[in-house]
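Open the model in your viewer and keep the selection tool handy. We will walk through it one stop at a time.

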Amino acid sequence: MAISVKLLAALLVLSFISTGNCQCVLNNITISQKMTGFQIHGMTEWDVTITNNCICSQSDLKLDCKGFATTLSIDPSILSISDNECLVNNGKPIFNSKPITFKYAQTPKFNFKPISSQISCS
Ligand SMILES: *[C@@H]1O[C@H](CO)[C@@H](O)[C@H](O)[C@H]1NC(C)=O
């Protein structure tokens, strides 16, 4: 009896530690934008960098794209637009050291907001 209680306690501690390892949240994705200085069909062109600042990868990243209307087409494997959502990187993981970049053209600048992702720690 005493052994099984200890075992249970050890398991609890272990599971706590393993979830404690992953402190990543959706907000660890940052999106920065820079003007390229070019105009595409009369719209300002922007260079977007999506960075995952946390050690765990994030896949299936979706952005709020309501009102997004670029005059420059974007490779759908980088950003695929459907209805009011944009899927980043074809749903594949975004790693800590590998930012995703793309360009679009719209005036004024469009603010992309992350809405959901799958966080996985290896
Ligand atoms: C991830 O976000 C959490 C909560 O906002 C924050 O405490 C943590 O420092 C962030 N980690 C990195 C690496 O930015």
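A disulfide is a pair of cysteine sulfur atoms within 2.5 Å. Keep in mind that you are looking at a predicted model.

**Stop 1: the disulfides.** Select the cysteines; three disulfides are present. Begin with C56 and C121, whose sulfurs are 2.2 Å apart, S to S. C56 sits in the loop between β2 and β3, while C121 belongs to the segment after β7 (113-120), so this link ties together parts 65 residues apart in sequence. Its torsion about the S-S bond is about 85 degrees, so the disulfide is right-handed. Is each end buried or exposed? C56 has 4% relative accessibility and counts as buried, whereas C121, at 39%, is partly exposed.

Move on to C24 and C54, joined with an S to S distance of 2.2 Å. This link is left-handed, with -80 degrees about the S-S bond. C24 is in the loop between α1 (2-20) and β1, and C54 is in the loop between β2 and β3, 30 residues apart. Both C24 and C54 are buried.

Finally, pick C65 and C86, with S to S at 1.9 Å. Their link is left-handed, at -120 degrees. It ties the loop between β3 and β4, where C65 lies, to strand β5, where C86 lies, 21 residues apart in sequence.

**Stop 2: the sheet.** Show the strands as a cartoon and look for an open sheet of three, in the order β1-β2-β6, with antiparallel pairing. β1 (29-40) and β6 are at the edges with a single partner strand each, so one side of each has no neighbour in the sheet. From one strand to the next, the twist averages 20 degrees. Nine bridges join β1 to β2; to see one end of a bridge, select I29, whose partner in β2 is N52.

**Stop 3: the core.** Now select I50, L63, F68, L79, Y104 and F112, which touch the most other members of the largest nonpolar core, a group of 18 residues. Strands β2 (43-52), β3 (57-64), β5 (85-88) and β6 (100-105) each supply at least two of its residues. Centre the view on L79: beyond its neighbours within four places in sequence, its contacts include L63, F68, C86 and F112.

Stop 4: F68 and Y104 are both buried.

Conventions:
Residues are numbered from 1 along each chain as its sequence is written. This is a predicted model: local features need pLDDT of at least 70, side-chain atom pairs count only at pLDDT 80 or more; totals for chains, interfaces and linings use all residues. Side-chain values use heavy atoms; hydrogens and water are left out. A nonpolar core is a set of buried Ala, Val, Leu, Ile, Met, Phe, Trp, Tyr and Cys residues joined through side-chain atoms within 4.5 Å. Buried means under 20% relative accessible area, exposed over 50%, partly exposed in between (1.4 Å probe, protein chains only). Helices (H or I, at least four residues) and strands (E, at least two) are DSSP runs, numbered from the N terminus. Contact means heavy atoms within 4.5 Å. Two strands pair if DSSP finds at least two bridges between them. Axes are lines fitted to C-alpha atoms, for helices over the stretch in contact, and angles run from 0 to 180 degrees between N-to-C directions.
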